[in-house]
Every structure is written in structure tokens, then in C-alpha cells.
Amino acid sequence: MTATDADVAVVGLGSMGSMAAWQLARAGADVIGFEQFGIAHDRGAAGGESRLFRMAYHEGPEYVPLLRRARELWLDLAAASGRPLFSPTGCLSIGRPELAPMANVRASVTEHQLAHEILDPDELAARYPQHSPAEGEIGILDTDGGMVRPELAVLSAARQARSLGARLHEHTAVRAIEPSGDHVEVVTESQVFTARTVVVTTGPWTGELVKSVVDHVTVKPIVLTWFAPDDVTAYAPDRFPAFIRDTDGIHVYGSPVMDGVSVKFGVADVWDPIDGARDLTRDLDATALRPVTDAARRFLPGLHPDPIRYDVYMDGYTTDRTPLIGALPGASSVILLSGFSGHGFKMAPVFGQIAAELALDGGSGFDLARMAPDRFALGTGA
Ligand SMILES: Cc1cc2nc3c(=O)[nH]c(=O)nc-3n(C[C@H](O)[C@H](O)[C@H](O)COP(=O)(O)OP(=O)(O)OC[C@H]3O[C@@H](n4cnc5c(N)ncnc54)[C@H](O)[C@@H]3O)c2cc1C
């Protein structure tokens, strides 16, 4: 067997890659990792200070086993790093009960016996007047939900990985991944590294390295905005949980005031896909922000109507909004984790665990069938 520089190389140390490096190192593997920018930079999918953690899942109850394990790992990482990575604010889903996402939330809580409260329209309006609910809308409060902290999480996972021996190279872009006999070559600008297995967690940039996913993982901008409430105390975590809402086809989400100043607010599926990660525009004018300001005025009228800040990030989307997780067709030593479609961060620790299981054992105890990369015609190889 050819001697290699490491057992496993992780390419891309953002949300999923930092967690994969941590979980691989925790499992005793010899790990090297590569990040094109610094750890916890703000140019990809892991910026913006908070992410919703939901157990009662709009996308379907089949995610709950992953979410349960993710929650345990969030608490593990918070304890190991001594950082407040998980805020148990609860997460409130708002919508008419017949909507598919609300039916999925209800199925999640009943099929998996999740802690929750169902608020009828009167109870919702009385308890959470900040949301100005529409007629007939109910609330489902997922009491195990909350918020996680993306930059702190990436930093913490990378630090844990390093403390367990992982060698993480920052400001080192990988130019190519080349399977070669019993190992894989990882080519950077200045050097070629070798590993038994490579985990590819390059987020919105994946199409640059793995050409076969270009047509199946679309890059979409996601804009976050922060609005200042007139009465900050009404939006504090004890009175205003993280939330997700579907009203008249508009899908919004946000977090309570965590910085003493502002509510984070977002509107899903507003911006058109871009050709690739390098085409992201981070400057927006007031017209481009109109869908967000209009939605904030309508759904959270107690906020000052213009944002005090906005930022533009991006994520990779698959057509079925389900990630691609598994060996690349035709290249069993290349494990792909991509296409988290705007909802992957909360599960990053469990996807890190899965990456480690796939790289070290060739399989995982989680049911990954619907995430298999070969459900799309990817062609073979990196
Ligand atoms: C604004 C926004 C809000 C969101 N809200 C939520 C939410 O509330 N809850 C939730 O669960 N999810 C949410 N998501 C989705 C979630 O954040 C993403 O699904 C997740 O972060 C994707 O992680 P990733 O590891 O695939 O990408 P990233 O975190 O972007 O990591 C990819 C990394 O690879 C590096 N890289 C790329 N190419 C190379 C290369 N050639 N060489 C070396 N390094 C490379 C990049 O620099 C980057 O650091 C949101 C996403 C966005 C953008």
C-alpha cells in the first residue's frame, strides 16, 4: 500500500468540513484539511452570526433522527469549547395548518414525540403579537429548537480538531482532487498531498472541483437583514423564539435579539441563482432589498422598517433540496457532502459524524438513501 500524508483529507473547512475534521480526529483518524480562506470567514454559507435550529421539521419528519443526534453534538461541542454555541430559545412555526410545511412540523412532533406546544389562532395572537398573524394561522412551538452560532461553531470545531491532532491548512486552495490507485491526490497551488480518502465539503464552490455536480448543485445568494425593534425587550429570547413562517407563499424566518440591538430576518427564495460562487454580488441597493423590507413591514410591524444592516451569503441547492452525501459515483475514495439547500447548518455536526463514518468505515448507521449522490446522473469521478 502506498504511504500517504494522512488517512483522510478534508477539502473546505466551512460548516461541514470543520465538523468532519473534528469528528474524524475524534475517531482517531490522521487528518489533514484545507481551507481556501481563513477559518470562519464570511464569504460562503457559514456567516451571519445565527442559524435556526429546528427539530420539528418543515422539510419532513424523516430528518428528526439526524436532528436529534445533531442537537446532542451541538451540546457536546459547546461543552468542549466552553462557548455558547446553542441558544435554546425554542422555534416557532407559523402558518395555516393545512400547508405542507406545517403538516410536516406536526408529523415530526407526533411521530417522534417531540416536546412542543400547539397554539390556536387566538393563543398565537395573544402570546406572540409581534408576528401579527393572519386569520386562521396557528403556531407550533418546538421547545427543543433554538439557534446556533455559525462562525463560533466553525472556529470551535476546527480548534477541537486541531487539539486532537488534525493539521488544518488555511489560505490553501485545492485546485484538483485526483483518485490514483489506492490513494487520492489533493493538489494545491504549491504542493501535492496524498490521503486514503478525501472528504469534499466545498459548499457553493463544489462545482469548481467536482465538475460532475455543476448541473445538480445551483448556487443561490441568501441575504440576511437585521432590523431594530422599537421595543427591544419584546424581541428578547424569553419572549420571542426563533421563528419560521409561511404566509401567502412568502417564507420568512428569523431570530430574537441576541446582540442587544436587532432582530435577524430573512425571506427565502427571493434571489435568482448565479453561475457560480465567484459571481456573488455583495452590494445590494434598496430595490433589491424590497422583498425583505416589504415582508418585514407586513409580518413584524414593530421593527423599524429599514434594516440597520444586511449581508449577502450563498448556499448550494439541489433540485429536491436534499443534500448529496456519499461516495462520488465511480470514485469510492471521494466522499461528497454538498447541496445543503439553505437548511444544512443545524445538522452540520451530525453530517460531520457521517462524513467520518463514510470515510473510515465505508457506511453510516443513518439512513442516507434519499441523499445518495447517484440519484442524479452525475457521471463518474471528480
Ligand atoms: C444566509 C444563510 C442563512 C441560512 N440559514 C440557515 C438556518 O437558519 N438553519 C440552517 O440549518 N441552515 C441555514 N442555512 C444553510 C446552511 O448555512 C448551509 O447549508 C451550510 O452552511 C452549508 O455548509 P457547507 O459546508 O456546504 O458550505 P460552507 O460553509 O460555505 O463551506 C465550504 C467551505 O469550503 C471552502 N472551499 C471551497 N472551495 C475550496 C477549495 N477549492 N479549496 C479549499 N477550500 C475551499 C470555502 O471557502 C468554505 O469555507 C443558511 C445559509 C445561508 C447562506
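## Terms and model

Throughout this report, a residue counts as buried under 20% relative accessible area, exposed over 50%, and partly exposed in between, using a 1.4 Å probe and protein chains only. The model is a predicted one: local features need pLDDT of at least 70 and side-chain atom pairs count only at pLDDT 80 or more, while totals for chains, interfaces and linings use all residues. Residues are numbered from 1 along each chain as its sequence is written, and side-chain values use heavy atoms, with hydrogens and water left out.

## Helix 1

Let's start with a helix. Helices here are DSSP runs of H or I with at least four residues, strands are runs of E with at least two, and both are numbered from the N terminus. Helix 1 covers residues 15–26 and has twelve residues. From its first C-alpha to its last it reaches 17 Å, close to the expected 16 Å; the expected span is 1.5 Å times one less than the number of residues.

Eleven of those twelve residues are buried, so helix 1 is largely enclosed by the rest of the structure. Among the buried ones are Met-16, Met-19, Trp-22 and Leu-24. After the helix comes Gly-28, with a positive phi near 95°.

Two strands pair if DSSP finds at least two bridges between them. Strand 18 (residues 324–328) and strand 19 (residues 331–338) pair in the antiparallel sense over five bridges. Leu-328 has Ala-331 in strand 19 as its bridge partner.

The two strands form a hairpin with two residues between them, and Gly-330 in the turn has a positive phi of about 85°. Strand 18 is mostly covered, with four of its five residues buried.

## Salt bridges

A salt bridge is a side-chain nitrogen of Lys or Arg within 4 Å of a carboxyl oxygen of Asp or Glu. The structure holds 19 of them. One joins Asp-42 and Arg-282, at 3.8 Å from N to O. Asp-42 lies in the loop between strands 2 and 3 and Arg-282 in the loop between strand 16 and helix 7, so the pair ties together parts 240 residues apart in sequence. Asp-42 is partly exposed at 39% relative accessibility, and Arg-282 is partly exposed at 31%.

Arg-321 and Asp-269 form another salt bridge, their closest N and O atoms being 3.0 Å apart. This pair also links distant parts of the chain, 52 residues apart. Arg-321 is partly exposed at 32%, as is Asp-269 at 49%. Finally, Glu-49, Arg-309 and Asp-311 are linked in a network of salt bridges.
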